[in-house]
Amino acid sequence: MSLQAKVMTAMKEAMKAKDSNALASLRAIKSAILLAQTESGAKEELTGDQELKLLQKLVKQRKDSAAIFSEQSREDLAQPELDQAQVIEQFLPEQLSESAIEKIVVDIIAKTGAEGMKDMGKVMGMANAALTGKADGKTISTIVKSKLS
């Protein structure tokens with residue numbers, strides 16, 4: 001079942017349950033999918049990787065917005081953003097723990113022979129490819145920096 005079909009099914013359930021937060025989140029996913037499909041040069045169906053990146057982008061946007069609202073002491077606006085991020089995360093594969101990510105990063109560093117921050121780009125490229133959908137880029141970046149410094 002494609003992501004779009006899963007989202008449509010979840011939207012119907014959210015409508016029946018009158019869950020406005022879930023409905024807003026699912027509509028955001030549907031909108032992002034439609035925009036990605038209609039971009040110039042895009043195929044009709046998105047690949048699995050494209051879907052994962054799209055979902056991760058939506059979650060990141062929600063979390064960044066919530067962080068900004070929290071900094072400004074606007075918890076009334078931050079909480080709905082976090083709730084929407086939680087709904088969108090349901091469509092992502094299970095996220096790895098920091099220790100699991102660290103283990104993969106250490107293996108990549110050993111494989112590439114990276115020594116220091118000058119090799120961060122090479123390590124990040126391989127780590128992002130290996131951890132697509134399983135970890136967010138900020139966590140990966142933090143771990144790579146700590147291991148290479």
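**Exercise 1.** Let's start with open space in this predicted model: find the volume of the largest pocket and describe its lining.

*Solution.* Begin with size: the largest pocket has a volume of about 610 Å³. Next, look at the lining, which is made up of 23 residues; Lys60, Ala135, Asp136, Gly137 and Lys138 lie nearest the centre of the pocket. Then trace these residues to their elements: helices H3 (48-71), H5 (98-112) and H7 each give two or more, and H3 gives the most, with 7 residues. Finally, sort the lining by class: 7 residues are nonpolar, 7 polar and 9 charged.

**Exercise 2.** Now do likewise for the second largest pocket.

*Solution.* The space in this pocket comes to about 230 Å³. Its lining has 12 residues, and those closest to the centre are Ala32, Ala36, Glu39, Leu54 and Lys57. Two elements give two or more residues to this lining, helix H2 (20-38) and H3. H3 supplies the largest share, 6 residues.

**Exercise 3.** Work out how helices H6 and H7 pack.

*Solution.* Take the geometry to begin with: H6 (residues 120-130) and H7 (residues 137-148) pack at an angle of about 140°, and their axes are 10 Å apart. H6 is therefore oblique to H7, as angles over 145 degrees would be needed for roughly antiparallel. The handedness of the crossing is right-handed. For the contact itself, Met120, Val123, Met124, Ala127 and Asn128 of H6 meet residues of H7 including Gly137, Ile140 and Leu148.

Methods. Residues are numbered from 1 along each chain as its sequence is written. This is a predicted model: local features need pLDDT of at least 70, side-chain atom pairs count only at pLDDT 80 or more; totals for chains, interfaces and linings use all residues. Side-chain values use heavy atoms; hydrogens and water are left out. Axes are lines fitted to C-alpha atoms, for helices over the stretch in contact, and angles run from 0 to 180 degrees between N-to-C directions. Helices (H or I, at least four residues) and strands (E, at least two) are DSSP runs, numbered from the N terminus. Angles under 35 degrees count as roughly parallel, over 145 as roughly antiparallel, 65 to 115 as roughly perpendicular and the rest as oblique. A crossing is left-handed if the near helix is turned anticlockwise from the far one by less than a right angle, and right-handed if clockwise. Contact means heavy atoms within 4.5 Å. On a 1 Å grid over the protein atoms alone, a cavity is a set of points where a 1.4 Å probe fits but cannot get out, and a pocket is an open set with protein on both sides within 12 Å along at least five of seven lines; lining residues have an atom within 4 Å of a point. Grid points are joined across faces, edges and corners, and a volume is the space filled by probe spheres set on the points. Ala, Val, Leu, Ile, Met, Phe, Trp, Tyr, Cys and Pro count as nonpolar, Asp, Glu, Lys and Arg as charged, and the others, Gly among them, as polar.
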